[in-house]
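Subject: The structure for you to look at

Hi there,

Here is the structure I promised to send over. Have a look at it first, and then read on for my notes.

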Amino acid sequence: MQKELSILKKDFLDHKEDFIAWFHEVFTLHHMFMAAGVLMAVIIYYIIYRLVRKGIHKVDQQKLSDERKHLLMRLARYIFYFAVIVHVLGMFGIKFSAIWGAAGIAGVAIGFAAQTSVSNLISGIFIVSEKSIKLGDTIIINGVTGVVDAISLLSVRVHTYDNQMVRIPNSSIINSILTNNTYNSYRRFMVNVSVAYECDLAFALETLKKAPALCPTARTDPAPNAWIESFGESGINLVLVIWFNNPDFVTVKNETFIAIKKVFDQAKIEIPYSKIVVHNA
């Protein structure tokens, strides 16, 4: 028993000496200064990060919407993390160039894989700065029509009129033609109407101009208008233009068709349509 205790005591002293040696090797004055420098750098970066967030938050709502503030704060957070990592690694003598060089082919592959994300990130910054879209806007991009639900640094998420979620990469928005139907507070609605060749064309045009007065949701400024468009195969094509506020699209569309039918019926103007005439032999 005494022998076992002596062995355990000897092992403990040996490990104690090893631990003390390791402690003195790790916790040198140089390492303590390095740790203090790392901590100080993180604190400074964090203070700058908080000041940037506070500055973004104080920007007036009219100059910077809430969703754009959220995006800029997220971008500031990413930059903060990246700056801290690069600075800390640099203090320990680790350079990013050495990391990529050591990665070799894997680093090249990762670089190509990250290229799309970087492109979307940069495109997201342009979208935020351009202010071309905002939450709730109805946009058309690459044949997709939807209402904007979220704007992030990598993509824009919309829901279509049949309630399907569509994620659109920011680079696609920057590189394609974007139509924002609700960017302005109002827009116009155009209706093509045909009248028979036998009809008095001037009378038909004046009758068509009476239709907007029967549409309560139509705007009077800009004023509605109508004109002769072209000669068609079965009639003369007229165009009626009505301006409306964006939320009233469906209502003004229904009112317009009802009004056109009503004024034409009252004036006994026929809208041409395909007919099949059968004669008895």
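**Ile-260 and the cores**

Setting aside neighbours within four places in sequence, Ile-260 is in contact with Val-191, Val-193, Leu-208, Ala-211 and Leu-240; contact here means heavy atoms within 4.5 Å. Before going further, please note that this is a predicted model, in which local features need pLDDT of at least 70 and side-chain atom pairs count only at pLDDT 80 or more, while totals for chains, interfaces and linings use all residues. Residues are numbered from 1 along each chain as its sequence is written, and side-chain values use heavy atoms, with hydrogens and water left out.

Ile-260 also belongs to the largest nonpolar core, which has 22 residues. Val-195, Leu-208, Leu-240, Ile-260 and Phe-264 are the ones that touch the most other members. A nonpolar core is a set of buried Ala, Val, Leu, Ile, Met, Phe, Trp, Tyr and Cys residues joined through side-chain atoms within 4.5 Å. Buried means under 20% relative accessible area, exposed means over 50%, and partly exposed is in between (1.4 Å probe, protein chains only). At least two residues of this core come from each of strand E6 (186-195), H7, strand E8 (236-245) and H8. The element names are DSSP runs numbered from the N terminus, with helices (H or I) of at least four residues and strands (E) of at least two. Another core, of 10 residues, lies apart from the largest one and includes Ile-133, Val-158, Ile-168 and Ile-173.

**How H7 meets H8**

Helix H7 (residues 201-208) packs against helix H8 (residues 249-266) at an angle of about 135 degrees, and their axes are 9 Å apart. The axes are lines fitted to C-alpha atoms, for helices over the stretch in contact, and the angles run from 0 to 180 degrees between N-to-C directions. H7 and H8 are therefore oblique to each other: angles under 35 degrees count as roughly parallel, over 145 as roughly antiparallel, 65 to 115 as roughly perpendicular, and the rest as oblique. On the H7 side the contact is made by Ala-204, Thr-207 and Leu-208, and on the H8 side by Ile-260, Val-263 and Phe-264. By class, that makes five nonpolar residues, one polar and no charged ones. For these classes, Ala, Val, Leu, Ile, Met, Phe, Trp, Tyr, Cys and Pro count as nonpolar, Asp, Glu, Lys and Arg as charged, and the others, Gly among them, as polar.

**The chain as a whole**

The protein chain has eight helices and eight strands. Of its 281 residues, 28% count as buried. Among contacts between residues at least 6 apart in sequence, 63% join residues at least 24 apart.

**Backbone details in the loops**

Asp-221 and Pro-222 are joined by a cis peptide bond, with omega at about 0 degrees. You will find Pro-222 in the loop between H7 and strand E7 (225-231).

Asn-142 is not a glycine, yet it has a positive phi of about 55 degrees. Its loop runs between strand E1 (138-141) and strand E2 (144-151), and at 55% relative accessibility Asn-142 counts as exposed. Asn-163 also has a positive phi, near 65 degrees. Asn-163 lies in the loop between strand E3 (155-159) and strand E4 (165-169), and with 65% relative accessibility it counts as exposed.

Beyond neighbours within four places in sequence, the contacts of Thr-138 include Thr-145, Val-147, Tyr-161 and Thr-182.

Met-165, in strand E4, is exposed, with a relative accessible area of 55%. Not counting residues up to four places away in sequence, Met-165 touches Arg-157, Val-158 and His-159.

Happy to go through any of this with you.

Best wishes
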